[in-house]
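Visitor: I would like to learn how to read a few features in a structure like this one. Could we take them one at a time?

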Amino acid sequence: MPLDPSRTVAELRELRELTGDENGAQRVAWTDTWQRAQEWMSSKLEGTGAAESFDAAGNQWWTLPGAGERALILGGHLDSVPNGGWLDGCLNVIAGSEVLRRIAAEGEPPLTVRLVSWADEEGARFGRSLFGSSAAAGSMADQGELRALNDADGRSLPDAISAFGVDLDGALDARSELENAAAYLELHIEQGPVLESMDLPLGAVLGTFGVERHRITWRGQAAHAGSTPMDKRRDALAGAAKLALEIREIAARVGDGAVMTSGGVVTKPGIVTSVVETAEQLLDMRHLDADKLAELYGAAREASERFAQEEDIEVEWERIWQIEPILFDETLVGFADEAIQEVAGTSHRLPSGPLHDAAEVSRAGVPTAMLFVQSLRGLSHTKLEDTKSEHLELAVQALDRLATKTLAWAADR
Ligand SMILES: [Zn+2]
């Protein structure tokens, strides 16, 4: 059976009908609708010769045995956010199934070929993303926190996952799934505006941004809005406001795709008749280069101390979360570039702002590459998420070529 990219588009529409409603995709992990998507996917892979299994973290696998035990893995996630888009995650799995079908039809591949649908990539219900892939990668280290997580209805995470046969303490046994991994490939919608702005259908992903996330507390003095002259104020909000604008300069100066976001400021007492006494500001900084990420952080801190002095207020930083940049395999990124050029004429290399399962797999030491396909208007995690059909078909072709190149390379090693 030759590759049929139009079938991927048809199957995406079928899954949308089966698991979505007027508000968008509803395949939230550990729910009946997610299970319906899993069963539907299984039915699509029947007759290919790929054996289905679930691992200790609830990841769903299909394994097509090859001449060698080492495996090329294609992956994605069938779960979505509530009211999500029709492509996020499931494009990867469905396109992967098309590639697997094509490989299976050609006889025994040189390496084993596996398709995986990672469990709970989105973390939409319990607030913990990349559940299945972090377990398989062995980087899951927050079992204590996971045990305490509840959904909006008060159901605990251990309880919800046990309905799917997953035990929190045993989830890390999924590590054995990556033992024979020779390479990992993932196709994903871009979820941002870069490819569309360049009028390109596809891009090769260099890696995922490192992230520094901080809570900055500014402390001044509450004072009467009427009786306190302007030059006698110690206004905590002034510090936060200056920093919120300064990050534009810092990001521009450091460059190379740097992004910084002041995502929220909460002021107290927060009334119209008082100068602000405390302002709690949230700051997110991202870069693909670890040194430049450190530069963003250093420059923001330095600026905050300067503003504190200027405004006669105090500033204090607290790190909420951090992750190092994760760079994908240079050889495989090169193959991704070639594959895109072959099907679309032009390629472009770009970093990924969002984290993906591919980042976890790469962190585990498996050579990894990702393809991005253009997102219309850069929108995702909404029912408005969309990609042109012809671009989806090109994406399947590019993934197929990337898989062929990677198989040949891995078989040779
Ligand atoms: Zn996704």
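This is a predicted model: local features need pLDDT of at least 70, side-chain atom pairs count only at pLDDT 80 or more; totals for chains, interfaces and linings use all residues.

Visitor: Which residue forms a salt bridge with Lys242, with the closest N and O atoms 2.6 Å apart?

Guide: In general, side chains of opposite charge can pair when their charged atoms come close. Here the partner of Lys242 is Glu310. Lys242 lies in helix α8 (residues 236-254) and Glu310 in helix α9 (residues 290-311), so the pair ties together parts 68 residues apart in sequence; helices are DSSP runs of H or I with at least four residues, strands are runs of E with at least two, and both are numbered from the N terminus. Lys242 also meets Glu311 in a salt bridge (2.7 Å, N to O).

Visitor: Is Glu311 buried or exposed?

Guide: Buried means under 20% relative accessible area, exposed over 50%, and partly exposed in between, using a 1.4 Å probe and protein chains only. At 18%, Glu311 counts as buried, while Glu310 is partly exposed at 48%.

Visitor: What are the protein donors of the zinc ion?

Guide: Donors are N, O and S atoms within 2.8 Å of the metal (3.2 Å for Na, K and Ca); water is not among the atoms, so sites may look incomplete. In this model they are His77 (NE2), Asp88 (OD) and His188 (NE2), at 2.0 to 2.2 Å from the zinc ion. Asp88 sits in the loop between β5 (68-76) and α3 (90-105), and His188 in strand β7 (residues 181-189), so this pair, 100 residues apart, links distant parts of the chain. Both Asp88 and His188 are buried.

Visitor: How many residues does the largest nonpolar core have?

Guide: A nonpolar core is a set of buried Ala, Val, Leu, Ile, Met, Phe, Trp, Tyr and Cys residues joined through side-chain atoms within 4.5 Å. The largest has 94 residues, and Trp30, Phe131 and Leu185 have the most contacts inside it. Helix α12 (residues 389-411) gives the most to this core, with ten residues. A second, separate core of 25 residues includes Ile216 and Tyr297.

Definitions and conventions: Residues are numbered from 1 along each chain as its sequence is written. Side-chain values use heavy atoms; hydrogens and water are left out. A salt bridge is a side-chain nitrogen of Lys or Arg within 4 Å of a carboxyl oxygen of Asp or Glu.
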